[in-house]
Amino acid sequence: MRLSTKGRYAVTAMLDLAINGKQGPVTLADISENQGISLSYLEQLFAALRGKGLVRGVRGPGGGYYLGRESDEISIADIICAVDEWVEFTRCKGRQNCQDGQRCLTHSLWDDLSQQIFIFLSDITLHDLVERGEVREAARREKKAESKVVGLKTEAA
């Protein structure tokens with residue numbers, strides 16, 4: 001199974017927001033820098049996420065984004081579906097016209113797999129991911145790298 005860039009980046013950006021949004025709004029520029037995701041791509045993703053109520057924006061100086069709901073109320077499936085992305089294993093994209101306009105022999109197998117993945121991702125929230133040790137460690141490394149860059153900018157000025 002391979003999730004597209006759109007879905008992966010949306011989950012990554014939302015996880016960054018869940019981790020860093022506790023101190024105040026997070027800008028897309030910050031997420032872009034932290035995660036190495038194009039700013040214009042993030043703008044497209046956040047338009048979709050905002051439309052589904054998963055994020056809310058604050059305009060003006062000091063503005064940025066917050067989670068639209070608590071992190072324990074946002075599932076990974078919510079995020080992936082919000083950006084119109086889903087992993088579908090049937091060749092017919094669920095239309096049941098896989099083989100000459102008819103349902104193929106293995107349609108149910110691939111459809112069941114798609115449903116199991118959806119159920120799995122529906123049971124994992126942003127909060128669950130934030131609480132995982134490896135996510136906390138990665139966030140700590142990012143903050144450490146960010147403080148080094150800030151220190152270099154200060155010394156250069």
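This is a predicted model: local features need pLDDT of at least 70, side-chain atom pairs count only at pLDDT 80 or more; totals for chains, interfaces and linings use all residues.

1. Let me start with what I mean by a charged patch: its residues have over 30% relative accessible area and no salt bridge, and like charges are joined within 9 Å.

2. Where does Asp123 lie? You'll find Asp123 in the loop between α5 (107–122) and α6 (126–131). Asp123 has a relative accessibility of 59%, so it counts as exposed, the cut-off being over 50%.

3. For the overall layout, the chain has 7 helices and 2 strands. Going along the sequence, their order reads α-α-α-β-β-α-α-α-α. The chain has 157 residues, and 34% of them count as buried.

4. Next, the aromatics: a search of the whole structure turns up 2 aromatic pairs. One of them joins Tyr9 and Tyr41 edge-to-face, with 5.7 Å from centre to centre and 85 degrees between the planes. Tyr9 sits in helix α1 (residues 5–20) and Tyr41 in helix α3 (residues 39–51), so this pair ties together parts that are 32 residues apart in sequence.

5. Tyr9 comes out at 27%, which makes it partly exposed. Tyr41 is partly exposed too, with a relative accessible area of 25%.

6. On to charge pairing. Side chains of opposite charge can pair when their charged atoms come close. How many salt bridges does the structure hold? The count is 1. Arg69 and Asp78 form a salt bridge, and their closest N and O atoms are 3.1 Å apart. Arg69 counts as partly exposed at 30% relative accessibility, and Asp78 is also partly exposed, with a relative accessible area of 30%.

7. Last point, a greasy bit of surface. Leu109, Trp110 and Leu113 form a nonpolar patch, and together they have about 260 Å² of accessible area. Leu113 belongs to helix α5. At 33% relative accessibility, Leu113 counts as partly exposed, and a patch residue needs over 30%.

Note on methods
Residues are numbered from 1 along each chain as its sequence is written. Side-chain values use heavy atoms; hydrogens and water are left out. Rings of Phe, Tyr and Trp (its six-membered ring) pair if their centres lie within 6.5 Å; planes under 30 degrees apart count as stacked, over 60 as edge-to-face and the rest as tilted. Helices (H or I, at least four residues) and strands (E, at least two) are DSSP runs, numbered from the N terminus. Buried means under 20% relative accessible area, exposed over 50%, partly exposed in between (1.4 Å probe, protein chains only). A salt bridge is a side-chain nitrogen of Lys or Arg within 4 Å of a carboxyl oxygen of Asp or Glu. Patches are made of residues with over 30% relative accessible area and no salt bridge: like charges are joined within 9 Å, nonpolar side chains (Val, Leu, Ile, Met, Phe, Trp, Tyr) within 5 Å. Accessible areas come from the Shrake-Rupley method with a 1.4 Å probe; for residues, only the protein chains shown count as cover.
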